Structure formats: structure tokens, C-alpha cells
Amino acid sequence: MERTLSIVKPDGVKKNVIGEVIRRFEQKGLRVAGLRLIQLSTQDAKNFYIVHKERPFYESLTSFMSEGPIAVMVLEGDNAIATVRETMGATNFKDAAPGTIRADFATDIERNVVHGSDSVKSADYEIPFFFSSLDLH
């Protein structure tokens with residue numbers, strides 16, 4: 001049983017697609033093990049995305065991620081990381097396969113509705129950033 005983190009970003013929350021995102025993950029056989037609606041401060045967003053600190057999009061990404069509420073969730077199931085990434089679609093929504101979350105709802109490479117851990121190592125960092133073991137069921 002693998003666990004991963006997914007986030008419905010501020011644009012997805014604003015579009016009112018939290019339930020649709022969860023539905024799509026559940027239809028792929030994943031189970032929600034933890035779920036929270038929160039708002040990151042700019043500093044929290046910078047800490048979360050610290051791996052991108054040297055990238056040119058770091059400031060705009062962290063500003064965007066702190067502009068409104070986000071829905072953070074832990075999903076679990078067989079091959080959860082790959083399943084979430086496939087269900088989300090390519091980071092650039094223009095390259096995302098039809099029927100994926102990003103193809104259906106994204107408007108921008110940054111405002112692409114969802115985030116998902118890209119590896120076990122990332123999930124191991126990202127999950128405890130938002131959830132204690134007591135929060136996961």
C-alpha cells in the first residue's frame with residue numbers, strides 16, 4: 001500500500017472542483033486517508049516548495065500557492081504515486097491527455113489545479129509537512 005500527497009491548488013478550490021478531483025482519484029481505486037482545507041502563508045509555501053528555490057518560477061509559484069485556500073489530501077492504494085500523476089495529467093495542461101484533471105480544468109502551467117508527489121522520496125517529505133500520523137486513517 002503506497003501513500004502520496006495531492007493538493008487541489010487555489011485555482012481548483014476557486015473553481016469548486018475539489019469533489020470532482022477526489023472523485024477521479026477514488027474512481028482509480030485510491031482511498032483518501034487524510035484531507036484538510038487550509039491556507040498557506042507565503043513562507044509556508046516557500047518551505048513546502050524549497051526544492052524549487054533556484055528555479056525561475058519559485059516566487060510566482062509560492063505567491064500563487066498562498067493566494068487562497070488549498071485542499072491537501074493523502075491518497076493511498078497500489079501504485080498511488082503513479083496513479084495520481086496519470087490522473088492529473090502533464091504539468092503543462094496543453095500536453096495533458098484528454099480526460100485528465102489538468103486537461104479538463106487547468107488554464108496555465110502554474111495554475112494547473114493539482115499537485116501530486118512525484119516520487120516516494122517526495123511523498124515522504126510532503127505528507128508530514130501537512131499531516132501528523134494521528135491525522136491519517
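Residues are numbered from 1 along each chain as its sequence is written, and side-chain values use heavy atoms, with hydrogens and water left out. Because the model is predicted, local features need pLDDT of at least 70 and side-chain atom pairs count only at pLDDT 80 or more, whereas totals for chains, interfaces and linings use all residues.

Four strands form an open sheet in the order 2-3-1-4 with antiparallel pairing, where strands are DSSP runs of E of at least two residues and helices are runs of H or I of at least four, numbered from the N terminus, and where pairing requires at least two DSSP bridges between two strands. Strand 2 (31-38) and strand 4 are the edge strands, each pairing on one side only. Strand 1 (residues 2-8) and strand 3 (residues 70-77) are joined in the antiparallel sense over seven bridges, and valine 8 stands opposite alanine 71 in strand 3.

Valine 13, in helix 1 (residues 10-14), is buried, with a relative accessibility of 18% (buried being under 20% relative accessible area, with a 1.4 Å probe and protein chains only). Beyond its neighbours within four places in sequence, valine 13 is in contact (heavy atoms within 4.5 Å) with Val8, Ile18, Leu37, Pro69, Ile70 and Ala71. The C-alpha atoms of valine 13 and proline 69 are separated by 6.8 Å, although the two residues lie 56 residues apart along the chain.

Note on methods:
Buried means under 20% relative accessible area, exposed over 50%, partly exposed in between (1.4 Å probe, protein chains only).
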